[in-house]
Protein chains: 2
Amino acid sequence: MSEATKKRGELIVLSGPSGAGKSTVIAELLSSRPDIHFSVSFTTRQPRVGEENGVNYNFVSREEFERMIAADELLEYAEYVGNYYGTSLKVIREQLDRGVDVLLDIEVQGAAKVKEKCPEAVTIFLIPPSVEELSRRLHGRHTDGEDAIAQRLAQAREECRECHRYDYLVVNDTVVSAAHQLQSILEAERCRTPKQLHLVESFLHDQNG
Amino acid sequence: MSEATKKRGELIVLSGPSGAGKSTVIAELLSSRPDIHFSVSFTTRQPRVGEENGVNYNFVSREEFERMIAADELLEYAEYVGNYYGTSLKVIREQLDRGVDVLLDIEVQGAAKVKEKCPEAVTIFLIPPSVEELSRRLHGRHTDGEDAIAQRLAQAREECRECHRYDYLVVNDTVVSAAHQLQSILEAERCRTPKQLHLVESFLHDQNG
């Protein structure tokens, strides 16, 4: 494949309320699509039990995060439940240029900023199957008190109000089916006409030649 | 699921030049998605060897076809290489209302008319991997002389010029991969936000209640 027709990677943005199961669905997706680059966000929040620096997030101090903002090193950043979350521009650009698909797990404010800067980004909103199930999952984590859970449920409601801005809505009924739907979306997006027109152009040139 | 939230079927339009392998890809798709209703077109052309009336096409006389045109019984119809091809409106409407996905195999003029009347239709253009391969397939059929093949190749070139009007382009490298891409497109289209918003509405109502 020549440089001229080399495909750029797809930028995929996944959002969804806390407890929707994004991390689990992403892990399932990456197990069958290890070629996807999962962009590890930067955050100032404390790691949860089992979370690793550089894997789940790049955990940095508030001071370091504010330095990155000032140096314009972030594609987007936002403050959410008192903590900063942000995405490194440099890493993403390199991967997309190499033809690698990049997956971002970011909240709705960040997603809106990415879509504004990169309208070709494919945005997907993951929702839990019901409020009862979301509440059950948040309680099951045993990491938040009742107040924090109530705050997360209220936040979830706010976030769901923004879901109409996304290209796709995926219901996380089961991890396997949700991950399969993400895979289908990625495969379908690769087939969208503007991204495939170079194939037909060569076809027409062959016929004329 | 209540009547109010019952999903309407998807209307899927598949086009592609003669020899692109539409029939084979459709057969492969329907083998894994037998719930899809394949809309059998009406035509005035002669059946090819192995084609069955009511399966590949509803083969009718020119006189009968012109009666259907006059009676406004067709969603679209077109004349192509000297023969009429058309789609029954009644059958499609019934299936879509029942929530069944309907697949149409029609040429570019007909597809344009369907998209005009039903903008929500998902349109897919199937292309052969190369001109050489298309020519090889047309010769391999042993049903057309050199003149007819030359006419089909010229027609294919014309049709490919219209492919930018389609939502998706799928290259028929192998039947299995092309059918898989069609399946992914159908699954992805079901996840498009406007078609899923009713799920989030009930979610929000639950939370407020």
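In chain B of this predicted model, I12(B) stands opposite L103(B) in strand β7(B).

- Five strands of chain B make up an open sheet with parallel pairing, and their order is β2-β7-β1-β8-β9.
- At the edges are β2 (37-39) and β9 of chain B, each of which pairs on one side only.
- From one strand to the next, the twist averages 25°.

**Helices packed on that sheet**

- Helix α1 of chain B, residues 22-32, packs on the sheet and touches β1, β2, β7 and β8 (122-127) of chain B. The direction of α1(B) makes about 170° with that of β7(B).
- Helix α7(B) packs on the sheet too, touching β1, β8 and β9 of chain B. Its direction makes about 165° with that of β8(B).

**Two helices meeting in chain A**

- In chain A, helix α1 (residues 22-32) packs with helix α7 (residues 175-190) at an angle of about 60°, and their axes are 9 Å apart. That angle makes α1(A) oblique to α7(A).
- The crossing in which α1(A) passes α7(A) is right-handed.
- On the α1(A) side, the contact is made by T24(A), V25(A), E28(A), L29(A) and S32(A). From α7(A) come V175(A), V176(A), A178(A), A179(A), L182(A) and Q183(A).
- Sorted by class, this contact of α1(A) with α7(A) has seven nonpolar, three polar and one charged residues.

**How the two chains are related**

- Chain B is superposed on chain A by a rotation of 180° with 0.0 Å of shift along its axis, giving an RMSD of 0.0 Å. The two copies are thus related as by a two-fold rotation axis.
- In chain B, the C-alpha nearest the axis belongs to S184(B), 2.2 Å from it.
- Both copies use the same surface, as 100% of the contact residues of chain B recur in chain A.

**Where the chains touch**

- Chain B gives 29 residues to the contact, and chain A gives 29 residues.
- On the chain B side, α6 (146-160), β9 (168-171), α7 (175-190) and α8 (193-208) each supply at least two residues.
- The most comes from α8(B), with nine residues.
- By class, the side of chain B that touches chain A has 17 nonpolar, seven polar and five charged residues.

Methods:
Residues are numbered from 1 along each chain as its sequence is written. Chains are lettered from A and ligands numbered from 1 in the order in which they are written. This is a predicted model: local features need pLDDT of at least 70, side-chain atom pairs count only at pLDDT 80 or more; totals for chains, interfaces and linings use all residues. Copies are superposed by least squares on the C-alpha atoms of residues with pLDDT of at least 70 in both. Two residues are in contact if their C-beta atoms, placed from the backbone, lie within 7 Å. Helices (H or I, at least four residues) and strands (E, at least two) are DSSP runs, numbered from the N terminus. Ala, Val, Leu, Ile, Met, Phe, Trp, Tyr, Cys and Pro count as nonpolar, Asp, Glu, Lys and Arg as charged, and the others, Gly among them, as polar. Axes are lines fitted to C-alpha atoms, for helices over the stretch in contact, and angles run from 0 to 180 degrees between N-to-C directions. Angles under 35 degrees count as roughly parallel, over 145 as roughly antiparallel, 65 to 115 as roughly perpendicular and the rest as oblique. A crossing is left-handed if the near helix is turned anticlockwise from the far one by less than a right angle, and right-handed if clockwise. Two strands pair if DSSP finds at least two bridges between them.
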